[in-house]
Amino acid sequence: MPPRRRLAPAERRSQLLDTGAQLFAAKPYDEVFMEEIAERAGISRALLYRYFPNKRDLFAAVYQQAADRLLTRTELDPARPVGEQLRAGLDAHIDYFATNRNTVLAANRVLAGDPVIQTVITDELTELRRRLLDSTGLGDGPGEPVSAALMGWLVFVRTLCVDWLTHQTFSRTELREMCVGALLGALRPVMDPDRLLTGDEESPADARPTP
């Protein structure tokens, strides 16, 4: 156990989140114990439980922090071609999923029915949809169908990434390109996503297929 030292409450909470994040990333959820987290942080179990009453609460806070940091790292740049933005965003998310495999699997498998974890995931998907609509030109297309297609696609991406993490039956590049292809397929009935991805100046709304 490292030597104990006094920290301000905000600093202590940050330390516990970082310690928890390291352990949840390194081990399956069921193999992480609060006692080990307290020991690594150099505090008593009683103090740990003052900050987080149970392991699920600690995990939820770790996952919320991870989602916030990932969103910060994946801000879209409207000046870049849409195709580049899309692939860069997917690469950043796949990087995180691969680095934090156990954490992602815990959130999407072990705690799949937990309402707090599901709220974190839903909020993240909602923010990603907003960014895609605002920064890529997709918001210029037919509003409700595009918005619904994007949310469905984001759920698909998460599901496919979890399957990839679990089974590793296809390559990372295939994972990314399947995700891109799925978005194109979802949008094609209501707009011309190929034109948007190639950077054509014509408005996507004007490129809708003729019925």
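## The lining of the largest cavity

Helix H5 gives the largest share of the lining of the largest cavity: 7 residues. The model is a predicted one. H5 spans residues 82-99.

In total, 19 residues line the largest cavity. By class, 12 of the lining residues are nonpolar, 4 are polar and 3 are charged. Nearest the centre of the cavity lie Gly 89, Leu 90, His 93, Leu 128 and Leu 154.

## Empty space inside

Rolling a probe the size of a water molecule over the atoms shows where empty space is left. Here the count is 3 cavities of 30 Å³ or more. The largest cavity holds about 290 Å³ of space.

## His 93

His 93 sits in helix H5. Its relative accessibility is 13%. Buried means under 20%, so His 93 counts as buried.

Beyond its neighbours within four places in sequence, His 93 contacts Leu 70, Thr 74, Glu 124 and Leu 128. Both His 93 and Leu 128 are also among the lining residues nearest the centre of the largest cavity.

## Gly 83

Gly 83 also belongs to helix H5. Is this residue buried or exposed? Gly 83 counts as buried, because its relative accessibility is 10%.

Val 180 is 97 residues from Gly 83 along the chain. In the model, the C-alpha atoms of Gly 83 and Val 180 are separated by 8.7 Å.

Terms used
Residues numbered from 1 in each chain as written. Predicted model: local features only at pLDDT ≥ 70, side-chain atom pairs only at ≥ 80, totals over all residues. Heavy atoms only, no water. Helix = DSSP H or I, 4+ residues; strand = E, 2+ residues; numbered from the N terminus. Buried < 20%, exposed > 50% of the residue type's maximum accessible area, 1.4 Å probe, protein only. Contact = heavy atoms within 4.5 Å. 1 Å grid on protein atoms, 1.4 Å probe; cavity = no way out; pocket = protein on both sides within 12 Å on 5 of 7 lines; lining within 4 Å. Points joined across faces, edges and corners; volume = space filled by probe spheres on them. Nonpolar A, V, L, I, M, F, W, Y, C, P; charged D, E, K, R; others polar.
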